[in-house]
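I opened this model to look up a few residues and helix pairs. My notes follow in the order I made them.

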Amino acid sequence: MKLLQMLQKALATSAVGRNNTAMQPTLRDLTRVFARIGILSFGGPAAQIAMMHREVVDRHAWVNEKDYLSALSFCMLLPGPEAMQLATWIGWRTHGTLGGLIAGGLFVLPGALVVLALSAIYVTLGALPLVAALFAGVQAAVVVVVIEALLRVSHRALKGRVERLLALGAFVALFALALPFPIVVLAAAVLGALSLSKNSQNPQTPTRGPSWAQSLGTAGLWLAIWLLPLALLWALEGGILTEIGLYFSKLALLTFGGAYAVLAWMVQEVVQIQGWLTTAQMMDGLGLAETTQGPLILVTEFVGFVAGWHAGGWALALAGAFVALWMTFAPCFLWIFLGAPHIARLTAQPRLAGALAGIMAAVVGVIANLSLWFALHVFFDSRTLFSAGPIQLMLPDATSLRFAPLIIALGAGYLLLRRHWSLPLVLAIAALGSVALGAVTGGLI
(Lines give C-alpha, C1' and ligand atoms only; values in the text may rest on other atoms or scores of the structure.)
Protein backbone atom coordinates (compact mmCIF):
# COMPACT_ATOMS: atom_id res chain seq x y z
CA MET A 1 0.00 0.00 0.00
CA LYS A 2 1.03 3.59 -0.35
CA LEU A 3 3.21 5.08 2.36
CA LEU A 4 1.49 7.81 4.28
CA GLN A 5 2.25 11.24 5.57
CA MET A 6 2.96 9.98 9.09
CA LEU A 7 6.15 8.35 7.88
CA GLN A 8 7.22 11.53 6.11
CA LYS A 9 6.62 13.52 9.29
CA ALA A 10 8.57 11.04 11.39
CA LEU A 11 11.51 11.07 9.01
CA ALA A 12 11.49 14.84 8.83
CA THR A 13 11.42 15.11 12.62
CA SER A 14 14.36 12.73 12.94
CA ALA A 15 16.39 14.97 10.61
CA VAL A 16 16.26 18.11 12.77
CA GLY A 17 19.77 19.41 13.31
CA ARG A 18 21.38 16.99 10.86
CA ASN A 19 23.78 18.15 8.16
CA ASN A 20 21.98 17.97 4.81
CA THR A 21 25.11 17.60 2.68
CA ALA A 22 25.31 14.45 0.53
CA MET A 23 28.33 12.23 -0.17
CA GLN A 24 28.96 10.22 -3.34
CA PRO A 25 29.19 6.44 -2.79
CA THR A 26 31.25 4.14 -4.92
CA LEU A 27 29.35 1.73 -7.14
CA ARG A 28 30.68 -1.11 -5.00
CA ASP A 29 29.33 0.49 -1.82
CA LEU A 30 25.95 1.10 -3.45
CA THR A 31 25.78 -2.54 -4.52
CA ARG A 32 26.79 -3.83 -1.09
CA VAL A 33 24.27 -1.69 0.80
CA PHE A 34 21.32 -2.48 -1.47
CA ALA A 35 22.16 -6.17 -1.51
CA ARG A 36 21.80 -6.07 2.28
CA ILE A 37 18.61 -3.99 2.08
CA GLY A 38 17.11 -6.42 -0.43
CA ILE A 39 17.83 -9.42 1.79
CA LEU A 40 16.45 -7.73 4.93
CA SER A 41 13.50 -5.83 3.41
CA PHE A 42 10.75 -7.51 5.41
CA GLY A 43 7.78 -5.71 6.95
CA GLY A 44 6.15 -3.85 4.07
CA PRO A 45 6.86 -0.42 2.55
CA ALA A 46 6.95 1.54 5.81
CA ALA A 47 9.70 -0.66 7.26
CA GLN A 48 11.53 -0.81 3.93
CA ILE A 49 11.55 2.95 3.42
CA ALA A 50 12.62 3.52 7.03
CA MET A 51 15.50 1.05 6.50
CA MET A 52 16.65 2.87 3.37
CA HIS A 53 16.41 6.19 5.18
CA ARG A 54 18.61 4.86 7.97
CA GLU A 55 21.20 3.59 5.49
CA VAL A 56 21.39 6.31 2.83
CA VAL A 57 20.51 9.41 4.87
CA ASP A 58 21.49 8.74 8.49
CA ARG A 59 24.40 6.33 8.16
CA HIS A 60 26.08 7.07 4.82
CA ALA A 61 24.72 10.57 3.98
CA TRP A 62 24.44 9.73 0.27
CA VAL A 63 21.19 11.71 -0.02
CA ASN A 64 20.12 14.71 2.04
CA GLU A 65 16.87 14.76 3.98
CA LYS A 66 15.02 17.25 1.80
CA ASP A 67 15.73 15.40 -1.43
CA TYR A 68 14.86 12.04 0.14
CA LEU A 69 11.44 13.25 1.25
CA SER A 70 10.77 14.95 -2.10
CA ALA A 71 11.61 11.71 -3.90
CA LEU A 72 9.37 9.77 -1.51
CA SER A 73 6.47 12.11 -2.29
CA PHE A 74 7.10 11.62 -6.00
CA CYS A 75 7.16 7.83 -5.69
CA MET A 76 3.83 7.97 -3.85
CA LEU A 77 2.34 9.59 -6.97
CA LEU A 78 3.38 6.67 -9.18
CA PRO A 79 1.74 3.31 -9.86
CA GLY A 80 3.73 0.39 -8.53
CA PRO A 81 5.70 -0.36 -5.34
CA GLU A 82 6.93 2.95 -3.94
CA ALA A 83 9.74 1.42 -1.86
CA MET A 84 11.30 -0.26 -4.92
CA GLN A 85 10.92 2.96 -6.91
CA LEU A 86 12.55 4.97 -4.12
CA ALA A 87 15.46 2.50 -4.13
CA THR A 88 15.77 2.98 -7.89
CA TRP A 89 15.77 6.76 -7.45
CA ILE A 90 18.56 6.56 -4.85
CA GLY A 91 20.66 4.50 -7.25
CA TRP A 92 19.89 6.92 -10.11
CA ARG A 93 20.74 9.92 -7.94
CA THR A 94 24.14 8.53 -6.99
CA HIS A 95 25.22 6.63 -10.14
CA GLY A 96 22.79 7.39 -12.93
CA THR A 97 20.93 4.71 -14.85
CA LEU A 98 23.37 1.94 -13.88
CA GLY A 99 23.00 2.83 -10.20
CA GLY A 100 19.22 2.84 -10.51
CA LEU A 101 19.21 -0.59 -12.12
CA ILE A 102 21.50 -1.99 -9.42
CA ALA A 103 19.61 -0.51 -6.46
CA GLY A 104 16.12 -1.26 -7.80
CA GLY A 105 17.10 -4.71 -9.01
CA LEU A 106 18.75 -5.73 -5.75
CA PHE A 107 15.74 -4.49 -3.80
CA VAL A 108 13.49 -6.94 -5.67
CA LEU A 109 15.78 -9.87 -6.51
CA PRO A 110 16.08 -11.63 -3.10
CA GLY A 111 12.32 -11.64 -2.54
CA ALA A 112 11.70 -12.74 -6.13
CA LEU A 113 14.04 -15.73 -5.70
CA VAL A 114 12.35 -16.72 -2.44
CA VAL A 115 8.85 -16.43 -3.94
CA LEU A 116 9.99 -18.50 -6.93
CA ALA A 117 11.28 -21.25 -4.63
CA LEU A 118 8.11 -21.17 -2.50
CA SER A 119 5.94 -21.28 -5.63
CA ALA A 120 7.79 -24.39 -6.85
CA ILE A 121 7.30 -26.05 -3.46
CA TYR A 122 3.64 -25.03 -3.46
CA VAL A 123 2.74 -26.59 -6.81
CA THR A 124 4.71 -29.72 -5.93
CA LEU A 125 3.48 -30.35 -2.38
CA GLY A 126 0.28 -28.33 -2.18
CA ALA A 127 -1.97 -31.38 -2.66
CA LEU A 128 -0.67 -33.15 0.45
CA PRO A 129 -3.21 -33.09 3.31
CA LEU A 130 -0.73 -31.60 5.78
CA VAL A 131 0.30 -28.84 3.38
CA ALA A 132 -3.35 -28.17 2.51
CA ALA A 133 -4.13 -27.78 6.21
CA LEU A 134 -1.22 -25.38 6.71
CA PHE A 135 -2.42 -23.19 3.85
CA ALA A 136 -6.01 -23.29 5.10
CA GLY A 137 -4.75 -21.61 8.27
CA VAL A 138 -2.81 -19.06 6.24
CA GLN A 139 -5.94 -18.24 4.22
CA ALA A 140 -7.92 -17.56 7.40
CA ALA A 141 -5.17 -15.27 8.67
CA VAL A 142 -4.95 -13.45 5.32
CA VAL A 143 -8.52 -12.21 5.84
CA VAL A 144 -7.29 -10.46 8.99
CA VAL A 145 -4.19 -9.16 7.21
CA VAL A 146 -6.35 -7.48 4.57
CA ILE A 147 -8.63 -6.02 7.26
CA GLU A 148 -5.55 -4.60 9.00
CA ALA A 149 -4.51 -2.99 5.72
CA LEU A 150 -8.02 -1.56 5.40
CA LEU A 151 -7.82 0.01 8.86
CA ARG A 152 -4.41 1.54 8.23
CA VAL A 153 -5.26 2.96 4.82
CA SER A 154 -8.64 4.33 5.93
CA HIS A 155 -7.05 6.10 8.91
CA ARG A 156 -4.65 7.92 6.62
CA ALA A 157 -6.68 8.40 3.45
CA LEU A 158 -10.15 9.41 4.72
CA LYS A 159 -9.52 12.96 5.88
CA GLY A 160 -12.87 14.51 5.00
CA ARG A 161 -16.38 14.03 3.67
CA VAL A 162 -15.32 13.89 0.00
CA GLU A 163 -12.78 11.15 0.70
CA ARG A 164 -15.35 9.11 2.64
CA LEU A 165 -17.86 9.42 -0.20
CA LEU A 166 -15.25 8.32 -2.73
CA ALA A 167 -14.42 5.29 -0.60
CA LEU A 168 -18.09 4.34 -0.26
CA GLY A 169 -18.68 4.85 -3.96
CA ALA A 170 -15.73 2.65 -4.87
CA PHE A 171 -16.97 -0.14 -2.59
CA VAL A 172 -20.51 -0.04 -4.02
CA ALA A 173 -19.20 0.13 -7.59
CA LEU A 174 -17.08 -2.98 -7.12
CA PHE A 175 -19.11 -5.13 -4.74
CA ALA A 176 -22.68 -4.31 -5.73
CA LEU A 177 -22.36 -3.15 -9.35
CA ALA A 178 -19.34 -5.22 -10.47
CA LEU A 179 -17.84 -2.27 -12.36
CA PRO A 180 -14.34 -2.80 -13.79
CA PHE A 181 -11.51 -1.75 -11.48
CA PRO A 182 -9.80 0.57 -14.04
CA ILE A 183 -13.01 2.59 -14.42
CA VAL A 184 -13.29 2.99 -10.63
CA VAL A 185 -9.68 4.19 -10.36
CA LEU A 186 -10.04 6.62 -13.27
CA ALA A 187 -13.26 8.08 -11.87
CA ALA A 188 -11.65 8.53 -8.44
CA ALA A 189 -8.65 10.29 -9.99
CA VAL A 190 -10.85 12.72 -11.94
CA LEU A 191 -13.07 13.48 -8.95
CA GLY A 192 -10.02 13.90 -6.72
CA ALA A 193 -8.36 16.29 -9.16
CA LEU A 194 -11.55 18.37 -9.29
CA SER A 195 -12.47 18.38 -5.61
CA LEU A 196 -9.33 17.70 -3.54
CA SER A 197 -6.58 19.70 -5.20
CA LYS A 198 -7.17 22.72 -2.96
CA ASN A 199 -6.11 20.58 0.00
CA SER A 200 -2.91 19.49 -1.67
CA GLN A 201 -0.96 22.68 -2.23
CA ASN A 202 2.81 22.26 -2.41
CA PRO A 203 4.98 25.32 -1.77
CA GLN A 204 7.95 24.03 -3.76
CA THR A 205 9.17 26.17 -6.63
CA PRO A 206 9.27 24.21 -9.87
CA THR A 207 12.73 23.88 -11.40
CA ARG A 208 13.82 23.42 -14.98
CA GLY A 209 14.38 19.80 -16.01
CA PRO A 210 15.73 18.06 -19.11
CA SER A 211 14.59 19.06 -22.59
CA TRP A 212 11.56 17.50 -24.22
CA ALA A 213 13.83 15.66 -26.65
CA GLN A 214 15.79 14.07 -23.79
CA SER A 215 12.61 13.07 -21.98
CA LEU A 216 11.08 11.59 -25.15
CA GLY A 217 14.27 9.64 -25.76
CA THR A 218 14.19 8.21 -22.23
CA ALA A 219 10.49 7.35 -22.55
CA GLY A 220 10.99 5.67 -25.92
CA LEU A 221 13.93 3.59 -24.72
CA TRP A 222 12.21 2.29 -21.59
CA LEU A 223 8.87 1.74 -23.29
CA ALA A 224 10.73 -0.44 -25.78
CA ILE A 225 12.51 -2.33 -22.98
CA TRP A 226 9.17 -2.86 -21.25
CA LEU A 227 6.92 -3.72 -24.17
CA LEU A 228 9.11 -5.23 -26.92
CA PRO A 229 9.28 -8.57 -25.07
CA LEU A 230 5.48 -8.53 -24.98
CA ALA A 231 5.35 -7.89 -28.73
CA LEU A 232 7.77 -10.79 -29.31
CA LEU A 233 5.62 -13.08 -27.18
CA TRP A 234 2.54 -12.08 -29.15
CA ALA A 235 4.31 -12.76 -32.45
CA LEU A 236 6.07 -16.00 -31.49
CA GLU A 237 3.91 -17.61 -28.79
CA GLY A 238 0.43 -16.07 -28.69
CA GLY A 239 -0.67 -18.26 -25.79
CA ILE A 240 -0.61 -18.26 -22.00
CA LEU A 241 2.63 -16.24 -21.73
CA THR A 242 1.21 -13.52 -23.98
CA GLU A 243 -1.96 -13.44 -21.89
CA ILE A 244 0.08 -13.14 -18.68
CA GLY A 245 2.16 -10.36 -20.20
CA LEU A 246 -0.85 -8.42 -21.45
CA TYR A 247 -2.66 -8.57 -18.14
CA PHE A 248 0.28 -7.62 -15.93
CA SER A 249 1.31 -4.81 -18.25
CA LYS A 250 -2.17 -3.33 -17.73
CA LEU A 251 -1.98 -3.93 -14.00
CA ALA A 252 1.37 -2.09 -13.84
CA LEU A 253 -0.41 1.09 -14.93
CA LEU A 254 -3.04 0.89 -12.18
CA THR A 255 -1.19 -0.27 -9.06
CA PHE A 256 -1.96 2.86 -7.02
CA GLY A 257 -2.42 2.35 -3.30
CA GLY A 258 -0.29 -0.78 -3.05
CA ALA A 259 -0.84 -4.40 -3.95
CA TYR A 260 -4.03 -4.71 -1.88
CA ALA A 261 -5.71 -2.15 -4.11
CA VAL A 262 -5.40 -4.33 -7.21
CA LEU A 263 -5.81 -7.75 -5.61
CA ALA A 264 -9.59 -7.70 -6.06
CA TRP A 265 -9.14 -6.93 -9.75
CA MET A 266 -6.45 -9.62 -9.95
CA VAL A 267 -8.82 -12.14 -8.36
CA GLN A 268 -11.55 -11.16 -10.81
CA GLU A 269 -9.24 -11.50 -13.80
CA VAL A 270 -7.09 -14.55 -12.98
CA VAL A 271 -9.80 -16.52 -11.12
CA GLN A 272 -13.15 -15.65 -12.64
CA ILE A 273 -12.25 -14.63 -16.19
CA GLN A 274 -9.01 -16.45 -17.10
CA GLY A 275 -9.33 -19.39 -14.71
CA TRP A 276 -5.57 -19.49 -14.11
CA LEU A 277 -5.93 -19.93 -10.32
CA THR A 278 -8.61 -20.60 -7.74
CA THR A 279 -9.50 -18.08 -5.06
CA ALA A 280 -7.81 -20.33 -2.47
CA GLN A 281 -4.61 -20.38 -4.51
CA MET A 282 -4.72 -16.59 -4.84
CA MET A 283 -4.93 -16.25 -1.08
CA ASP A 284 -2.13 -18.77 -0.61
CA GLY A 285 0.03 -16.68 -2.93
CA LEU A 286 -0.72 -13.57 -0.94
CA GLY A 287 0.26 -15.39 2.24
CA LEU A 288 3.57 -16.45 0.66
CA ALA A 289 4.31 -12.90 -0.52
CA GLU A 290 3.46 -11.50 2.92
CA THR A 291 6.11 -13.64 4.62
CA THR A 292 8.98 -12.85 2.23
CA GLN A 293 11.17 -9.81 1.78
CA GLY A 294 10.56 -7.29 -0.96
CA PRO A 295 7.33 -5.66 -2.20
CA LEU A 296 4.01 -7.43 -1.72
CA ILE A 297 3.30 -7.06 -5.44
CA LEU A 298 5.66 -10.04 -5.89
CA VAL A 299 2.42 -11.99 -5.60
CA THR A 300 2.24 -11.43 -9.38
CA GLU A 301 5.23 -13.76 -9.75
CA PHE A 302 3.32 -16.47 -7.90
CA VAL A 303 0.31 -15.96 -10.18
CA GLY A 304 2.47 -16.19 -13.30
CA PHE A 305 4.19 -19.32 -12.01
CA VAL A 306 0.99 -21.17 -11.09
CA ALA A 307 -0.76 -20.12 -14.31
CA GLY A 308 2.17 -21.41 -16.34
CA TRP A 309 2.31 -24.61 -14.28
CA HIS A 310 -1.31 -25.42 -15.01
CA ALA A 311 -0.83 -24.64 -18.70
CA GLY A 312 2.30 -26.69 -19.33
CA GLY A 313 4.44 -27.74 -16.39
CA TRP A 314 7.83 -26.49 -15.23
CA ALA A 315 9.00 -24.72 -18.38
CA LEU A 316 5.88 -22.58 -18.70
CA ALA A 317 5.79 -22.04 -14.93
CA LEU A 318 9.28 -20.52 -14.92
CA ALA A 319 8.54 -18.50 -18.04
CA GLY A 320 5.23 -17.29 -16.60
CA ALA A 321 6.94 -16.13 -13.40
CA PHE A 322 9.58 -14.25 -15.41
CA VAL A 323 7.01 -12.59 -17.68
CA ALA A 324 4.93 -11.50 -14.68
CA LEU A 325 8.02 -10.04 -12.98
CA TRP A 326 9.13 -8.22 -16.12
CA MET A 327 5.74 -6.66 -16.77
CA THR A 328 5.37 -5.68 -13.11
CA PHE A 329 8.77 -4.09 -12.47
CA ALA A 330 10.13 -2.87 -15.82
CA PRO A 331 7.62 0.04 -15.77
CA CYS A 332 9.01 1.12 -12.38
CA PHE A 333 12.35 1.91 -14.02
CA LEU A 334 10.51 3.82 -16.76
CA TRP A 335 8.66 6.01 -14.25
CA ILE A 336 11.82 6.81 -12.26
CA PHE A 337 14.26 7.41 -15.11
CA LEU A 338 11.69 9.54 -16.92
CA GLY A 339 10.30 11.45 -13.95
CA ALA A 340 13.20 11.80 -11.52
CA PRO A 341 14.67 14.91 -13.19
CA HIS A 342 11.23 16.56 -12.95
CA ILE A 343 10.48 15.77 -9.30
CA ALA A 344 10.26 19.39 -8.13
CA ARG A 345 7.80 20.34 -10.87
CA LEU A 346 5.65 17.24 -10.58
CA THR A 347 5.28 17.34 -6.80
CA ALA A 348 4.27 21.02 -7.05
CA GLN A 349 1.12 20.24 -9.12
CA PRO A 350 -2.01 20.49 -6.92
CA ARG A 351 -4.22 18.74 -9.51
CA LEU A 352 -1.89 15.74 -9.59
CA ALA A 353 -1.80 15.56 -5.80
CA GLY A 354 -5.59 15.86 -5.71
CA ALA A 355 -5.94 12.99 -8.18
CA LEU A 356 -3.73 10.85 -5.98
CA ALA A 357 -5.79 11.77 -2.91
CA GLY A 358 -8.93 10.69 -4.77
CA ILE A 359 -7.37 7.39 -5.77
CA MET A 360 -6.17 6.75 -2.22
CA ALA A 361 -9.67 7.39 -0.87
CA ALA A 362 -11.13 4.97 -3.41
CA VAL A 363 -8.51 2.40 -2.40
CA VAL A 364 -10.23 2.16 0.99
CA GLY A 365 -13.40 0.98 -0.75
CA VAL A 366 -11.37 -1.33 -2.98
CA ILE A 367 -9.71 -3.02 0.00
CA ALA A 368 -13.06 -3.26 1.81
CA ASN A 369 -14.42 -5.11 -1.21
CA LEU A 370 -11.38 -7.40 -1.18
CA SER A 371 -11.82 -8.11 2.56
CA LEU A 372 -15.44 -9.10 2.08
CA TRP A 373 -14.62 -11.21 -0.98
CA PHE A 374 -11.95 -13.17 0.87
CA ALA A 375 -14.13 -13.60 3.97
CA LEU A 376 -17.02 -15.01 1.94
CA HIS A 377 -14.72 -17.58 0.32
CA VAL A 378 -12.83 -18.57 3.46
CA PHE A 379 -15.68 -18.78 5.97
CA PHE A 380 -18.42 -20.26 3.75
CA ASP A 381 -18.41 -23.35 1.56
CA SER A 382 -21.14 -22.05 -0.74
CA ARG A 383 -22.38 -18.68 -1.97
CA THR A 384 -25.16 -17.45 -4.23
CA LEU A 385 -25.28 -14.52 -6.63
CA PHE A 386 -28.25 -12.18 -6.20
CA SER A 387 -29.07 -10.07 -9.27
CA ALA A 388 -31.57 -7.23 -9.61
CA GLY A 389 -31.03 -4.91 -12.54
CA PRO A 390 -27.47 -3.51 -12.33
CA ILE A 391 -27.05 -4.87 -8.78
CA GLN A 392 -25.09 -8.10 -8.38
CA LEU A 393 -24.46 -9.22 -4.82
CA MET A 394 -22.60 -12.30 -3.66
CA LEU A 395 -24.41 -13.66 -0.59
CA PRO A 396 -23.21 -16.46 1.71
CA ASP A 397 -25.15 -19.63 2.48
CA ALA A 398 -25.40 -19.42 6.27
CA THR A 399 -25.69 -23.21 6.61
CA SER A 400 -22.23 -23.63 5.02
CA LEU A 401 -20.35 -21.62 7.64
CA ARG A 402 -16.91 -23.13 8.39
CA PHE A 403 -16.15 -22.74 12.09
CA ALA A 404 -12.48 -23.79 12.07
CA PRO A 405 -11.28 -20.96 9.74
CA LEU A 406 -13.45 -18.52 11.70
CA ILE A 407 -11.78 -19.53 14.97
CA ILE A 408 -8.33 -19.22 13.41
CA ALA A 409 -9.16 -15.80 11.96
CA LEU A 410 -10.42 -14.54 15.33
CA GLY A 411 -7.23 -15.72 16.99
CA ALA A 412 -5.07 -14.16 14.28
CA GLY A 413 -7.01 -10.92 14.61
CA TYR A 414 -6.36 -10.80 18.35
CA LEU A 415 -2.62 -11.43 17.91
CA LEU A 416 -2.19 -9.06 14.98
CA LEU A 417 -4.56 -6.20 15.81
CA ARG A 418 -4.56 -6.20 19.61
CA ARG A 419 -1.24 -7.75 20.60
CA HIS A 420 0.66 -6.42 17.54
CA TRP A 421 2.66 -9.59 17.00
CA SER A 422 4.81 -9.81 13.87
CA LEU A 423 3.02 -10.92 10.72
CA PRO A 424 5.25 -13.94 9.89
CA LEU A 425 4.75 -15.26 13.44
CA VAL A 426 0.97 -14.83 13.25
CA LEU A 427 0.83 -16.61 9.88
CA ALA A 428 2.92 -19.47 11.26
CA ILE A 429 0.66 -19.81 14.32
CA ALA A 430 -2.44 -19.76 12.09
CA ALA A 431 -0.98 -22.51 9.88
CA LEU A 432 -0.09 -24.72 12.84
CA GLY A 433 -3.45 -23.97 14.49
CA SER A 434 -5.18 -25.22 11.36
CA VAL A 435 -3.35 -28.54 11.61
CA ALA A 436 -4.11 -28.81 15.33
CA LEU A 437 -7.81 -28.10 14.84
CA GLY A 438 -7.95 -30.67 12.08
CA ALA A 439 -6.39 -33.27 14.34
CA VAL A 440 -8.79 -32.49 17.20
CA THR A 441 -11.87 -32.59 14.99
CA GLY A 442 -10.75 -35.74 13.23
CA GLY A 443 -10.13 -34.20 9.82
CA LEU A 444 -7.86 -31.57 8.31
CA ILE A 445 -9.58 -28.32 7.36
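I count a contact when heavy atoms come within 4.5 Å. The model is predicted, so I take local features only at pLDDT of at least 70 and side-chain atom pairs only at pLDDT 80 or more, while totals for chains, interfaces and linings use all residues. Numbering starts from 1 along each chain as its sequence is written, and side-chain values use heavy atoms, with hydrogens and water left out.

**Entry 1: His60**

I looked up His60 first. It sits in the loop between helix H3 (44–59) and helix H4 (65–76). Helices here are DSSP runs (H or I, at least four residues), numbered from the N terminus. Which residues does His60 touch, leaving aside those up to four places away in sequence? I found Met23, Val33, Arg36 and Glu55. Is His60 buried or exposed? Its relative accessibility is 18%, so it counts as buried. The cut-offs are under 20% relative accessible area for buried, over 50% for exposed and partly exposed in between, with a 1.4 Å probe and protein chains only.

**Entry 2: Gly100**

Next I went to Gly100, in helix H5 (residues 82–125). Gly100 has 0% relative accessibility and therefore counts as buried. I listed its contacts, not counting residues up to four places away in sequence: Thr88, Gly91, Trp92, Gly105, Phe333 and Phe337. I also checked Gly100 against Leu227. They are 127 residues apart in sequence and 20 Å apart in space, C-alpha to C-alpha.

**Entry 3: H2 against H5**

I stayed with H5 and looked at helix H2 (residues 27–40). The two axes come within 8 Å and cross at roughly 30°. I use axes fitted to C-alpha atoms over the stretch in contact, with angles from 0 to 180 degrees between N-to-C directions. H2 and H5 are therefore roughly parallel, the class for angles under 35 degrees. On the H2 side the contact includes Leu27, Leu30, Phe34 and Ile37. On the H5 side I noted, among others, Ile90, Leu98, Ile102 and Leu106. How do the contact residues divide by class? I get 14 nonpolar, six polar and no charged. Nonpolar covers Ala, Val, Leu, Ile, Met, Phe, Trp, Tyr, Cys and Pro; charged covers Asp, Glu, Lys and Arg; the others, Gly among them, are polar.

**Entry 4: H10**

I then turned to helix H10 (residues 240–252). H10 has 13 residues and reaches 18 Å from first C-alpha to last, close to the 18 Å expected at 1.5 Å a residue. That expected span is 1.5 Å times one less than the number of residues. H10 is mostly covered, with ten of its 13 residues buried. Ile240, Tyr247 and Leu251 are among them. What covers these buried residues? The cover includes helix H9 (212–236), helix H11 (259–273), helix H13 (299–312) and H14.

**Entry 5: H10 against H14**

I followed up on helix H14 (residues 314–339). H10 and H14 pack at about 25°, with their axes 9 Å apart. That makes H10 roughly parallel to H14. From H10, Ile244 and Phe248 take part, among others, and from H14 Val323, Met327 and Trp335 are included.

**Entry 6: Trp234**

Last, I checked Trp234, which lies in helix H9. At 64% relative accessibility, Trp234 counts as exposed. Trp234 and Leu246 are twelve residues apart in sequence and 9.2 Å apart in space, C-alpha to C-alpha.

Terms used: Helices (H or I, at least four residues) and strands (E, at least two) are DSSP runs, numbered from the N terminus. Angles under 35 degrees count as roughly parallel, over 145 as roughly antiparallel, 65 to 115 as roughly perpendicular and the rest as oblique.
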